[in-house]
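Biologist: Hi! Could you walk me through this one with me? I'd like to start with the ligand and then look at some helix packing.

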Amino acid sequence: MIDINKLAEKIKNKVALTKIEIYEAVENYTKNRISDEQFLPFIKAIYEYDISDKELYYLTMAMLDSGEKLDLTNLKSVVDKHSTGGVSDTTTIIIVPICASLNTKMLKLSGRGLGFTGGTCDKLESFKGYKTDIDIQKAIQLVQQNGGCMLTTSKELAPADKKIYALRNKTGLVDNINLIASSIMSKKLACGANIIVLDVKYGNGAFMPDKKSAKILGKKMQKIGKYANKKVKIVLGKMNQPLGFNVGPKLETMEAINILKGKEKSNLYYDSIKLASICVSLDKHIPYFVAKHKVKKVIKNQTALNKLKTMVSCQDGSLDLFNQEYKTPTLVIKSNKNGKVVFFNTKEIGNIVAQMGTVKLEENDTINYDNGIRTFHKIGNKVKTNEPIFYIYASSKSMAKEVGNKLKKCIEIK
Ligand code: URA
């Protein structure tokens, strides 16, 4: 039986682990041959001490090889995009139909809300009836038919990551660049795309606190991709405020629809244009500015909007949301002074909205798709006294009041 403490000791003493040692540790844990307590020193050692790029690659591959790998060779070229998470980050629902409209194929497996971050699957399910848990063969067929498909992550892909992630979550070992890089890349490599665009966010609404750490994370993931013979592009993005205007599953989906209608232009719009243009440019081997022109065109002529409608219909989702306007909010929070917006406590905004029932915090929780908030200003915007700064959509007046009191502390106007 593998001696985990010996491996941990080697990491501490900077003695390189072999591929076999890393594979054995991961396999024994994933197959329940060793307990959480027995495996923990291995993860703790990686958390506390650095490991080499080669060891990080073996760790990623061990997690990847613990499960199935999608074979997308029939689709020829497929692009995957991954955002490292944040608040009001709805880029997937905007980018996939844009790329699909331009015949850049995307098979996008997404997760649910986690802590302060919303999840793409929860947002997609705000189209009534939308099936996120479709069979992978059906998803591949939909990509062939429509150019894109958005569904939930499969339990069969990188199961070792799921088990290790749960252990990290339970033991406070999430925020480590090597562990994050291997976790993300094991799942991305399992998804089978030949081009991977990684949108690494940093700031007070993201996992990475600053640009420097986002850059290091990006470089590590790029290196893993290079070892695995994949084209990996890193895009760094600031997240010091909600990316879009809305936070909450249905509100964010409505904003994505409005962006594809050419009606709303928050930072979410600009980030989506940039990411979609990068995906198309890499897939079609065309310059970025040419791809950007094409991306803007499919928004302007509503091809991307109609593509999203087709994709939603193909997964049994209702199209009602495409014709809905924002409802009257439960409560409006107004500015009590003239000034400029200088700060958002973005993570706290994400936490507040998650606590409105929009993110599953416990396994048996049900999601409230309608709750959330709408903002109107970005950092640097001027605001006048009595101008609305937040619309609150809540299940009750008392919830709205409580949320309002908390939100007032999440914005600074000077
Ligand atoms: N997202 C992941 O998939 N894994 C991490 O470890 C952190 C963010």
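Biologist: Which helix gives the largest share of the shell around the ligand?

Modeller: That is H9, with four residues. Helices here are DSSP runs of H or I with at least four residues, numbered from the N terminus. This is a predicted model, where local features need pLDDT of at least 70, side-chain atom pairs count only at pLDDT 80 or more, and totals for chains, interfaces and linings use all residues. Residues are numbered from 1 along each chain as its sequence is written, and side-chain values use heavy atoms, leaving out hydrogens and water.

Biologist: Thanks! Which residues surround the ligand?

Modeller: Tyr 165, Arg 168, Ile 180, Ser 183, Ile 184 and Lys 187, taking a residue as near when one of its heavy atoms lies within 4 Å. H8 (159-171) and H9 (177-190) each supply at least two residues of that shell.

Biologist: And what is 2.4 Å from a ligand oxygen atom?

Modeller: A polar side-chain atom of Lys 187. An N or O atom in the Arg 168 side chain is 2.9 Å from an oxygen atom of the ligand, while for Ser 183 a side-chain N or O atom is 2.7 Å from a ligand nitrogen atom. A polar contact here is a pair of N or O atoms within 3.5 Å.

Biologist: How much of the ligand does the protein bury?

Modeller: 91% of the 240 Å² that the ligand exposes when taken alone, by the Shrake-Rupley method with a 1.4 Å probe.

Biologist: Switching topic: at what angle do H15 and H16 pack?

Modeller: H15 (residues 346-358) and H16 (residues 397-408) pack at about 170 degrees, with axes 10 Å apart. Axes are lines fitted to C-alpha atoms over the stretch in contact, and angles run from 0 to 180 degrees between N-to-C directions. So H15 is roughly antiparallel to H16, a label for angles over 145 degrees.

Biologist: Which residues of H15 make the contact?

Modeller: Ile 349, Ile 352, Gln 355 and Met 356, with contact meaning heavy atoms within 4.5 Å. On the H16 side they meet Met 399, Val 403, Lys 406 and Leu 407.

Note on methods: A polar contact is a pair of N or O atoms within 3.5 Å; within protein, one must be able to donate a hydrogen and the other to accept it, and residues adjacent in sequence count only if both atoms are side-chain atoms. Angles under 35 degrees count as roughly parallel, over 145 as roughly antiparallel, 65 to 115 as roughly perpendicular and the rest as oblique.
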